[in-house]
Amino acid sequence: MSYRLINWFKLSSPYSFFPLAGRMIPWFWALALVFGVAGLYMGFFVAPTDATQGDSYRIIFLHVPASWLSMFIYIVMAFWAGMGLAFNTRLSSMWALSLAPTGALMAFLSLWTGALWGKPTWGAWWVWDARLTSELILLFLYLGFMALHAAIDEPRRADRAAAVLALVGVVNVPIIYFSVKWWNTLHQGSSVSMTKAPSMAQTMLWGMLLMALCFWMYSIAAALTRLRAVILEREAHTDWVLRLPEATA
Amino acid sequence: MLTVHNLTCVRGTRPLFTGVDFAVAPGSWAHVRGPNGVGKTSLLRILAGLAKPEEGEVRWNGEKIGGEEFRRELMYLGHRAAVKDDLTALENLVFAAEMDGATLSREHAEDALQRFGLAGREDLPVRFLSAGQKRRVLLARTVTRRAKLWILDEPFTALDVKAVDFLANLVAEHVKAGGMAVLTSHQAIPLAPGQVVEL
Amino acid sequence: MSSLRPPETARALGLAGTDAVLSEPQASPFKAMLSVLRRDLLLAMRRKAEVLTALFFFLIVSSLFPLGIGPEPALLRKIGPGVLWVGALLATMLGLQRMFYSDHLDGTLEQMVLSSAPLPLLVTGKVIAHWLVSGLPVVVLAPVLGLQFDLDPGALWILALGLLIGTPVLSLIGAVGAALTLGVRGGGALLSLLVLPLYIPTLIFGAGAVQAHLSGQGAGGHLSLLGALLALTLFFVPWATTAALRISLE
């Protein structure tokens, strides 16, 4: 299909995008599965045992991709929320809303796997490492976004208010990360740091990249599924929704 | 000249009103009517630029509303008294004027308040005034501020007969002098009939 | 601007010297900002209890920590800066609701949005008023409380200076949160959830400045970073708050 034949603006209406999303979802699940299997295989069977940390380091194959995704999703979410605010497009705001819980999940996963890594390696469930602390703050930012949206009854106003919050947050994320890093290096002379992971063997890097792709595909699949639910909820009063088989079920 | 074109307002998923079209020329006024809950207040807020319509647009002298010029020529009085309870009537008037970057001397503010029957109450915190008196403090702004377009939401509420007549006179004079007004009211408006916008 | 009150109307209304009564909007937006500032200060003076409550809260919270941790001087000196900064954060947050809520309730906020002065300037006026009422007293009180934590005069000075630069940042960031949660269910708690993560850099640099001084490294870097935060927020917040207010008023 040539670009000109696809009417891109038509896709920006919930009505047009709903069936398209439905068709895309299974593909993303499949991709997530493929990348996941490949990544886990690399991570658990191919990558060598680390000299200092033994096998417990392997949690980074979950921890690092989750961190990357949590930050990536926040930026994407803020971008689409901003689009919705600037151009008054409903679908953009709905997409931002759908992304938020997945991003929060990634941040939570990063924190949880970070704790699981910390215990056997450094003896503590929580170390005030710069990355972990920033992830915690990022989780709060996600929760704030979702809470603000949930607290406002009128959906369009909720979209816009949450968009302003997301944009303020996105500007703050680098500031927060920088300040936490500063704070961390000043207080901890020790070598406790998850950013200083064991020197990367090629296979380790591949494992992390594959897992990152897996999480990315999963995130898209999950967010698209959520988006379809949001569309149905918001457009419940329209003709095309009432004609859907789900509506008469 | 205020022009309203194809205005549609939506609350949640429910459309309040659709395709509203009318214009208010200098020297005329519009009476917005309709049953309770039909969206009269929403329409007035859209006209004032406080809310955005789902569809359609409002234009002032051909330009979209909301700019500084428009706000300078607009006076909007909504449901709420828009006065600070902890300030006196005088202070409320003076601060309201200063918010537009203007000055209002004490004598002139007192004068305006006296016109509205608030003589002797200028220095009381507005808390101690009755609902009708509170409304009149705000209405005193019609005298102290030049505005071409008056958008008044239920302005006659809680006013006694004399005050209703006085306000009606004010609006009539404003319109006669080339101003414009858009009003809603549950009561009969004691004015020469203007345009009726039925929602 | 042509007068809308021809002499006949004026006489009919019994107004003498009409043109003098009607105020002429001048192009002085800063005057409008100062007026809003004065108005908010006047209102705060008439509701002193509200204002003092936040200050007493700061006092109590700062005393809670030694009570919870123990009176050992070396330990207190270590936690002092952090405790005082957290107290300042919480005290500022208590007063944030006040910024727009009462204006929203009685309708004066709408009038502010509709006035011909630029809204970002009016917002700045409100934020300055909030800082004068909530932040400045903290700046003055903190060094006194710092004595409870056995901090030396140099450290107290850095603490006060940091708070002087940092509390306006807190008021500014808080303004965005207050505007976003205007009239929203669960406002107070939600406001805290939104605003506290954004306060963290200020906390880190402010408390860090005192700690840097105490460890002999000099507080210059931290204080400059605080200054940068102030500049950044002063520039962006009025616009963000204006957008948030318009959204909340829809």
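I count two residues as in contact if their C-beta atoms, placed from the backbone, lie within 7 Å. The model is a predicted one, so I took local features only at pLDDT of at least 70 and side-chain atom pairs only at pLDDT 80 or more, while totals for chains, interfaces and linings use all residues. Residues are numbered from 1 along each chain as its sequence is written, and chains are lettered from A and ligands numbered from 1 in the order in which they are written.

Chain C. I looked up contacts between residues at least 6 apart in sequence, and 78% of them join residues at least 24 apart. I found eleven helices and zero strands (DSSP runs numbered from the N terminus: helices are H or I, at least four residues; strands are E, at least two).

Chain A. I checked the span of helix α4, residues 90-122. After α4(A) comes Gly123(A), with a positive phi near 85°.

Chain B. I traced an open sheet of five strands with parallel pairing, in the order β6-β7-β8-β3-β9 (strands pair if DSSP finds at least two bridges between them). I found five bridges between β7 (149-153) and β8 (180-184); Asp153(B) has Thr184(B) in β8(B) as its bridge partner.

Key. The expected span of a helix is 1.5 Å times one less than its number of residues.
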